[in-house]
Amino acid sequence: MTGKLALALALAALVAVCVVLVFGGKSGGILKPDDAGVIARGEAVYVAHCASCHGKNLEGQPGWKAQDKDGFLPAPPHDESGHTWHHPDTLLFRITKLGVAEAANLTDYKTRMPAFGGLLTDADIVAALSYIKSRWPDDMRRRHDELNRVFARRESSAR
């Protein structure tokens, strides 16, 4: 009987560890919008590298949904009026690090946003994105967390 109980406890512990690994804790993603140190670092990175296009209040550029005369889309907002929260953390990270065209595999996509992988560390990118997420309303953050959990499950089952 003791052996069966030990086996059941070991299996329960294994399941708990797998849940944390698959779902990445509370948010299911890589961003840390509740970590004050990460947010402070992220705000500094955002102000230095993102705010000039995306706005100091994450408001984006006017007319961001329509191409300009040169065929470029203006910088979108990262606040609740935009679509940033429609994308899982891993894609947001890849877009920031690699650039939109490479991250989304869009060969003919025209953008003025540079890839920041050669300029920022991975931790800086996570911090900036965490800062952005920290500014979203709670309901939007919860929906984004659920999106991350769904994406993680999908990625896990695809392996």
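**Notes on an all-helix predicted model**

1. A word on what you're looking at. This is a predicted model, where local features need pLDDT of at least 70 and side-chain atom pairs count only at pLDDT 80 or more, while totals for chains, interfaces and linings use all residues. Residues are numbered from 1 along each chain as its sequence is written, and side-chain values use heavy atoms, with hydrogens and water left out.

2. Now the overall fold. The chain has seven helices and zero strands, so the pattern along the sequence reads α-α-α-α-α-α-α (helices are DSSP runs of H or I with at least four residues, strands are runs of E with at least two, numbered from the N terminus). Of the contacts with a separation of 6 or more, 58% are between residues 24 or more positions apart; contact here means heavy atoms within 4.5 Å.

3. What share of the 159 residues is buried? The count comes to 34%. Buried means under 20% relative accessible area, exposed means over 50%, and partly exposed is in between (1.4 Å probe, protein chains only).

4. Next, the inside. The largest nonpolar core has 20 residues, and Y46, L129 and I132 touch the most other members. Such a core is a set of buried Ala, Val, Leu, Ile, Met, Phe, Trp, Tyr and Cys residues joined through side-chain atoms within 4.5 Å. Helices α2, α4 and α6 each supply at least two residues of this core, and α6 gives the most, with six. Leaving out residues up to four places away in sequence, I132 touches Y46, L58 and H78. As background, nonpolar side chains tend to be buried together in soluble globular proteins.

5. On to charges. The whole structure holds ten salt bridges, each being a side-chain nitrogen of Lys or Arg within 4 Å of a carboxyl oxygen of Asp or Glu. One of them joins D34 and R141, at 2.4 Å from N to O. D34 sits in the loop between α1 (2–23) and α2 (36–49) and R141 in helix α7 (residues 138–158), so this pair ties together parts that are 107 residues apart in sequence. D34 is exposed at 54% relative accessibility, whereas R141 is buried at 13%.

6. Helix α7 has other charged pairs to look at. D145 makes a salt bridge with K133, with the closest N and O atoms 2.6 Å apart. That pair links helix α7 with helix α6 (residues 122–134), and the two residues are twelve apart. Both D145 and K133 are buried. R149 pairs with E146 at 3.2 Å, and both lie in α7, three residues apart, or about one turn of the helix.

7. Finally, which side chain of opposite charge is nearest to D89? It is K133, 4.5 Å away, and D89 is buried yet has no salt bridge (Lys and Arg count as positive, Asp and Glu as negative; His and the chain ends are not counted). D89 is found in helix α4 (residues 89–98), and its side chain reaches the backbone nitrogen of I30 at 2.8 Å. Beyond its neighbours within four places in sequence, D89 is in contact with residues including G29, L31, H144 and N148.

Key: A polar contact is a pair of N or O atoms within 3.5 Å; within protein, one must be able to donate a hydrogen and the other to accept it, and residues adjacent in sequence count only if both atoms are side-chain atoms.
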